[in-house]
Amino acid sequence: SVTLEHGSKRLGKRTDPMMGVWRNYGLGQFIHWGLYAIPGGHWDGKYYSGAAEWIRSWNEMPKNAYDELYKVFDPKAYDPKAWAKQAKDMGAKYMIITTKHHDGFCLWPSQYTDYSVAKSPYNKDIIGPMVEAYDAEGIDVYLYFSVMDWNHPGYRSKLETKEDEEAYEGFKEFTRNQLLELLAFYPSTKGLWFDGTWDQAWIQQAAFADELEEEMRSVIPGLIIGSRFRADENGKRHFDTNGDLMGDYEQGWERKMPNRIEDVNGNDWDCVMTVPENQWGYHSDWKGHVKSSVELIEMMVKAASLDGNFVINFGPDGQGNIRPEESLIAKEVGEWMESNAEAVYDCGYLDWEKQDWGYYTRNRKTGNVNLVVFNYPASGKLRVKVPKGIKIQGIDLIGTNGGTIDLEEIHRDEYFLGLPKGTDHTKPVVLVMKIVEGDAEVQGVYEKAK
Ligand SMILES: C[C@@H]1N[C@@H](c2nc3ccccc3[nH]2)[C@H](O)[C@@H]1O
């Protein structure tokens, strides 16, 4: 490996308590909200087929028309307490809010730009009440911040001239000022979710970004920052020149998921997922595939089974309403979590052979093995191969205690589990298994393995 000044600062996972809390979240909520929610994917009677929060880049939308939208930002329906209650009922343990997206419009009254809520008819801080409401519901808040900022005069995607370099120095100072301002205004935030960091101009700022990351971490000890914030001095992003993870967790899983434990390279990670194929900001007319709550539940369980967190995106409309499709998802995911959350919260990877019927998760607090069945076997029986030296002490449908599942030993360490007759398999079914590791005899009582 090569010596790096601005590469990864740590080998392996963070082991401190704040990261331990992050690791156990299981489910999060992303909120993309800003001026783009006003046009909602349409302009001048035309339909924008791109991602709604990118409508400013659409040649059918005049840039100055977009940039004037702040003059009509006045979300009468904005109700952060209701949003936080809905997220709580869904079972989200953390929430990531766009403080500033690529367009540069700030949802907080930044002292470093006029392009913020302070200059809109709404003329109140959006972020503060949201942080308070989510904190009150016990949901940790993370601040999304786009480095790319189409509004700032000093922003450049690449540095080609002396003038570019001088302008960019001002932009770097502006970026640092806004980030320190966010941490000062909202000190209960647990971390920052960076985006818009793929520009050459930013990638060349390895030293500046490294120093800024250190400075932010010193302002809020334990602050959680992912791999997308900065590049190393060779322009390597997410993983430095030596292949070591930048930041505290891998942040590359955007609208995609790992399939095998090898894909996560022993790192913490989260997957951020849109409900339609690719809409983060509000689009009034979703086209193409819209994910069902069962699809999203499967992705959430798959993430937990591979040591990651799963974050479902919400895009409120220009008035601050949560759209019906997203409210339905929040309700249905919440209903499933009501009785099955222990198979997701505090759960991670279990090194048992993957079976076709679904996923194993291991609850780090109870030691229990969860079998989450998505592909219901026609036989009604689940094949379970238990590694050598592991004994099954008991197994039940989640929430029940004793006698619901019959265990048939096929041969040493391989069993068929019979699902009870009449199990509703239109929903994911969870079995909870208590195991004993090592060659301790099965005492027959449910006590935590040593
Ligand atoms: C979390 C997501 N990241 C932003 C984004 N912009 C992109 C430009 C090119 C490729 C992928 C992108 N993702 C999306 O607008 C959304 O905020």
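In the predicted model, a polar side-chain atom of H101 is placed 2.7 Å from an oxygen atom of the ligand, a polar contact being a pair of N or O atoms within 3.5 Å (within protein, one must be able to donate a hydrogen and the other to accept it, and residues adjacent in sequence count only if both atoms are side-chain atoms). A nitrogen atom of the ligand lies 2.7 Å from a polar side-chain atom of D195, and 3.3 Å separates a ligand nitrogen atom from an N or O atom in the side chain of H102. The ligand taken alone exposes 390 Å², of which the protein buries 74%; accessible areas were computed by the Shrake-Rupley method with a 1.4 Å probe, and for residues only the protein chains shown count as cover.

The model is predicted, with local features requiring pLDDT of at least 70 and side-chain atom pairs counted only at pLDDT 80 or more, whereas totals for chains, interfaces and linings use all residues. Residues are numbered from 1 along each chain as its sequence is written, and side-chain values use heavy atoms, with hydrogens and water left out.

The ligand is surrounded by H32, E53, W54, H101, H102, Y144, D195, W198, E254 and W280, where a residue is near a molecule if one of its heavy atoms lies within 4 Å of it.

One of these surrounding residues, H32, is located in the loop between β1 and β2, strands being DSSP runs (E, at least two residues) numbered from the N terminus. H32 has a relative accessible area of 3% and is therefore buried, the cut-off for this class being under 20% (1.4 Å probe, protein chains only). Its side chain forms a polar contact of 2.8 Å with the side chain of N313. Beyond four places in sequence, H32 touches residues including H101, Y144, W280 and N313, contact meaning heavy atoms within 4.5 Å.

Y36 is likewise found in the loop between β1 (27-31) and β2 (42-43). This residue counts as buried because its relative accessibility is 1%.

Elsewhere, an open sheet of five strands has the order β11-β12-β13-β18-β15 with antiparallel pairing, two strands being paired if DSSP finds at least two bridges between them. Its edge strands, β11 (347-348) and β15 (391-397), each pair on one side only. Two antiparallel bridges join β11 to β12 (residues 358-363), and G348 stands opposite R362 in β12.

Notes. Helix = DSSP H or I, 4+ residues; strand = E, 2+ residues; numbered from the N terminus. Buried < 20%, exposed > 50% of the residue type's maximum accessible area, 1.4 Å probe, protein only.
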